[in-house]
Amino acid sequence: MRLPWGWILGLPALALLPVLAGTFNYDDVVTVLRHPGAMGAGLINRPLFRASLALDYLLWGLNPAGYHLTSLLLHLANVALLATLAGALARMGGLARPGRVALAAGLLFGLHPLAASAACYVSERSALLVAASALLVFHALVRGRPGWATTAWLAGCLSKESAAAIPFCSLALLPLIPAGPGRAAARRWALGACLAAALFGGWILWRHLEQPLPEDRPGRTAYALTELRAVWTYLRLWILPFHQALDADIGLSSGWLGPATTLLGALGLLVLGLALFKTGRWLRAGVLVALIALLPESSFAVLQDPRQDYRMYLPSAALALAAAPFLSGGRRLLAVLAAAGLLLTAAQARAWTSEAGIWQWNLRVAPRKLRVHSNLAQRYRRQAGHFRGPLLWAAAERTIGRAIRIRERPEQHRDLAVIAYERGDQAKAMEALARALLLEPGRPDCLALRELFLARPRLGALYSAP
């Protein structure tokens, strides 16, 4: 089966090309810049992911273009793996035009903005490695090679903890493999691997439940209830990929009726589960794989944020596989979807070229999330210190001011004090610190800054005020 690789790989590469001009963003400061080239704790924590960063450092040093190029190549490899998997399953299942099915799956996945979120973010390369592991496992099972499936799965487990769900995803994919010795061997492997994953995952979950939650995390019950709404947001974003965010704002659910959509989300998942049993095997298998792959990404461990759109990377591949047979017969519809995906993904890739661009993009999606304002203000502050630009100082102060108007917190006044101090406005810096200490008396970081400002007063503005 010959596939149009120029379209399958060329269009996603074209859409994501702008990110090669990007910088290190957000958690990349900790992931890449703080320990350049060092494996460190990565030997026991996602070692394959850390090894890929170490290899990048050997090849590129601290040039971000090289790291983005590696992630882009990994994404294109995953697109190729999904396209060939879809084509093989379509041919084995007797579907008409298996090449068209492969084309549809590759384009839907490669050009989807949810997939671009992980492909553009160096710190989320682990999601790309887990997806590659899952797709290689599926290929090995389709071809009757359980030994290779085990190797691929173990590689995924060395990349990210969510790879524990791969055997369960394989079990959901079995109906797409024709009945016979091959499916029987794949079922034996999947059941054995599921047992091993359940035992290991249960031990990790037990260890996690023993540990107290950090202060910045929601309660376990509130987090689980909120995820019932977050899952529907992810599915909606796959169908209508608008209002994506790196740091989305989703309110915590205080109970089944708070907000009321929590109960509706649970009932909706129940209805979806019942409806899947009446659908075709392709749609049923793809949606089940997507939901299973999403489960460890967003439900077991209580994360700081209930929703992060880059968690949908592997689920996006599964949904593209589910939709491919239905879209393979309509050339015009597939062309329209590919064109829309090209434009949306290219716009997102351009936003990822700078940290300020990321937070400006995120601010349009989550205009009332305080951390988004804080991150954008800090980025403006660093740029102002580098370029000595008064307009950037003013932008940083305006951004912090908006956050204070949304909800006043002492750390916002602390950040405002640092901006004013670096700008040379000693009086405004002390005034902001006084306000922070009024809101939280005895706050250690504010007391330390006040001592520093008094010990080292700025006699004149280092950067002229606008």
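Is Cys157 buried, partly exposed or exposed? In this predicted model, Cys157 comes out as partly exposed, with a relative accessibility of 34%. Cys169, by contrast, counts as buried at 2%. The disulfide count for the structure is zero.

Salt bridges are another story, with 20 of them turning up across the whole structure. One of these joins Asp247 to Arg371, with the closest N and O atoms 2.7 Å apart. Asp247 belongs to the loop between helix 11 (220–239) and helix 12 (261–276), while Arg371 is part of helix 17 (residues 370–387), so the pair ties together parts 124 residues apart in sequence. Asp247 is buried, at 0% relative accessibility, whereas Arg371 is partly exposed at 22%.

Glu397 and Arg423 also pair up, with an N to O distance of 3.0 Å. Here helix 18 (residues 390–406) supplies Glu397 and helix 19 (residues 410–423) supplies Arg423, so this bridge links parts that are 26 residues apart in sequence. Glu397 is buried, at 14% relative accessibility, and Arg423 is buried too, at 11%.

Then there is a salt-bridge network, made up of Arg409, Glu411, Arg414, Asp415, Glu440, Arg443 and Asp445. Within it, the side chains of Asp415 and Arg414 meet at 3.1 Å, N to O. Asp415 is buried, with a relative accessible area of 8%, but Arg414 is partly exposed at 22%.

Terms used: Residues are numbered from 1 along each chain as its sequence is written. This is a predicted model: local features need pLDDT of at least 70, side-chain atom pairs count only at pLDDT 80 or more; totals for chains, interfaces and linings use all residues. Side-chain values use heavy atoms; hydrogens and water are left out. A disulfide is a pair of cysteine sulfur atoms within 2.5 Å. Buried means under 20% relative accessible area, exposed over 50%, partly exposed in between (1.4 Å probe, protein chains only). A salt bridge is a side-chain nitrogen of Lys or Arg within 4 Å of a carboxyl oxygen of Asp or Glu. Helices (H or I, at least four residues) and strands (E, at least two) are DSSP runs, numbered from the N terminus.
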